[in-house]
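The following note sets out points on the model for a colleague's review.

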Amino acid sequence: MIRCKMSLKSRMTKCRRHLRSVLLFIYFSLLGFALFNYKSHCVYTMPDALLQMSQIGHSSEGKCKINIAELDEVKVDIFSEPSEKEIQAINPEVKKGGVYSPKKCQAWQKVAIIIPYRDRYHFLMILLNRLLPMLQRQQLNFRIFVVEQAGDKQFNRGKLMNVGYLEALKFDKFDCFVFQDADLLPETDKNLYMCDPHARHLASAINEMRYHVMYYNYAGGVIALNRENYHRINGYSNSYWGWGNEDDDFSARILESGLLLTRPPEHIGRYKMVRHKKQTRSDHGNEMFLGWRSRWMTDGLSDPDGMNYTRLQLEELPLYTHVKVDIGDPPAQMRLGNPDELVSLWWFLKFYFP
Ligand code: BGC
Ligand code: MN
């Protein structure tokens, strides 16, 4: 009997010791995870904060009062097929070129919406049908640019953004640039299409990504930067042809230049993606990205060769300003970057770690 009690006691001690090591293991795992995953430059801010920031140092006399509480969630229909005429009819105040400015007050920022585009007319109509009323309710002064890549070579999203930025500046001295994919529809008017002093990633919750960012450094979909910041980070890289990584390269530039990546909280940064076949990553995508650091300063707005393009068409259509460009062909040799200056595998893993 006594022997049995002793063994029970020693078993309990052993069990307790075991439990302690399990708890310690969990504790250190969580600590390790948190340290590995720590991204101090990614922050969530409310649209109100965004408004306050743009008001610092400016007089609010005559400026529009935007009441976020009055802006609503909207049922977005990804299967609708609105025609250009129908969209025109419900947006009588929108002028030729996709231009609007509030009548009774002065908008805080002049915003250029840049939509890189090819072959997706149907998506474009669904998007304009959603954006035009929303941007008016947000009382913005805006112009919509649809930047179309001519030809059938691989799509170059980054270069189209840079072209859009330069072409927009020929129209007006815009304060803020919103780079918007054609297949993403904002689900609430509360998601202000304005810039803060950082880089504002507006698509913080896409339905196809289960309404979360896949990884904190994700900067794709829809992102807003002011004129100075876009220039400061040298725009997008011109070197990514085909799908993937150009937005990661852009995010790395934001991170490296010390800007925050700000986002609306997930209940505001909601987007629905119009259904389409998922594209596959270009062969060079990840390899190119490993060399982003050595290319950064010379690959972007500042690169006369990379920025070489011909404007084929410029027309102010009823709903948008159409800019069609020949951006050339992908080079025979990709600009992979200096092999001595590739980022480490550790950096790469940390970048994509959720
Ligand atoms: C790609 C990005 C893309 C993201 C989400 C990443 O792996 O590199 O370009 O936006 O996945 O689809
Ligand atoms: Mn897409």
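1. Secondary structure terms. Helices (H or I, at least four residues) and strands (E, at least two) are DSSP runs, numbered from the N terminus. N234 is placed in the loop between α6 and α7, and N234 has a positive phi of about 65 degrees although it is not a glycine. N234 is buried, with a relative accessible area of 7%; here buried means under 20% relative accessible area, exposed over 50%, and partly exposed in between (1.4 Å probe, protein chains only).

2. Basis of the values. This is a predicted model, in which local features need pLDDT of at least 70, side-chain atom pairs count only at pLDDT 80 or more, and totals for chains, interfaces and linings use all residues. Residues are numbered from 1 along each chain as its sequence is written, chains are lettered from A and ligands numbered from 1 in the order in which they are written, and side-chain values use heavy atoms, with hydrogens and water left out.

3. The chain as a whole. The chain holds 10 helices and 13 strands, and its C-alpha trace spans about 95 × 55 × 45 Å along the principal axes. Of the 354 residues in the chain, 52% are buried. Contact means heavy atoms within 4.5 Å; among the contacts in the chain with a separation of 6 or more, 84% are accounted for by residues 24 or more positions apart.

4. Y211 lies in the loop between β8 (205-206) and β9 (222-226). For context, most residues other than glycine have a negative phi.

5. The largest pocket. On a 1 Å grid over the protein atoms alone, a cavity is a set of points where a 1.4 Å probe fits but cannot get out, whereas a pocket is an open set with protein on both sides within 12 Å along at least five of seven lines; lining residues have an atom within 4 Å of a point. Grid points are joined across faces, edges and corners, and a volume is the space filled by probe spheres set on the points. The largest pocket has a volume of about 1,100 Å³. Its lining comprises 36 residues, of which D181, D183, W243, H276 and Q279 lie nearest the centre. By class, the lining divides into 14 nonpolar, nine polar and 13 charged residues, where Ala, Val, Leu, Ile, Met, Phe, Trp, Tyr, Cys and Pro count as nonpolar, Asp, Glu, Lys and Arg as charged, and the others, Gly among them, as polar. Both β3 (110-117) and α7 (246-256) supply at least two lining residues each, and the largest share, three residues, comes from α7.

6. The second largest pocket. This pocket has a volume of about 330 Å³. It is lined by 16 residues, and S54, H58, W108, Q109 and D175 are the closest to its centre. At least two lining residues come from each of α2 (47-55) and α6 (227-232). The classes here are six nonpolar, five polar and five charged residues.

7. How many of the 11 residues of α7 are buried? Nine of them are, and α7 is thus described as mostly covered; among them are E246, D247, D248, D249 and R253. The axes of α7 and α10 (residues 345-352) come within 12 Å and cross at roughly 100 degrees, where axes are lines fitted to C-alpha atoms, for helices over the stretch in contact, and angles run from 0 to 180 degrees between N-to-C directions. The two helices α7 and α10 are therefore roughly perpendicular to each other, since angles under 35 degrees count as roughly parallel, over 145 as roughly antiparallel, 65 to 115 as roughly perpendicular and the rest as oblique. D248, S251, A252 and L255 of α7 meet W347, F351 and Y352 of α10 in this contact. α7 is followed by G258, whose phi is positive, near 85 degrees.

8. V146, in strand β4 (residues 141-149), is buried, with a relative accessible area of 1%. Residues up to four places away in sequence aside, V146 touches I115, Y117, L124, Y320, T321, H322 and V323. D72 is found in the loop between α2 and α3 (84-90) and counts as partly exposed at 46% relative accessibility. With the sequence neighbours up to four places away again excluded, D72 touches T188, D189 and K190. The C-alpha atoms of D72 and E187, 115 residues apart along the chain, are separated by 9.0 Å.
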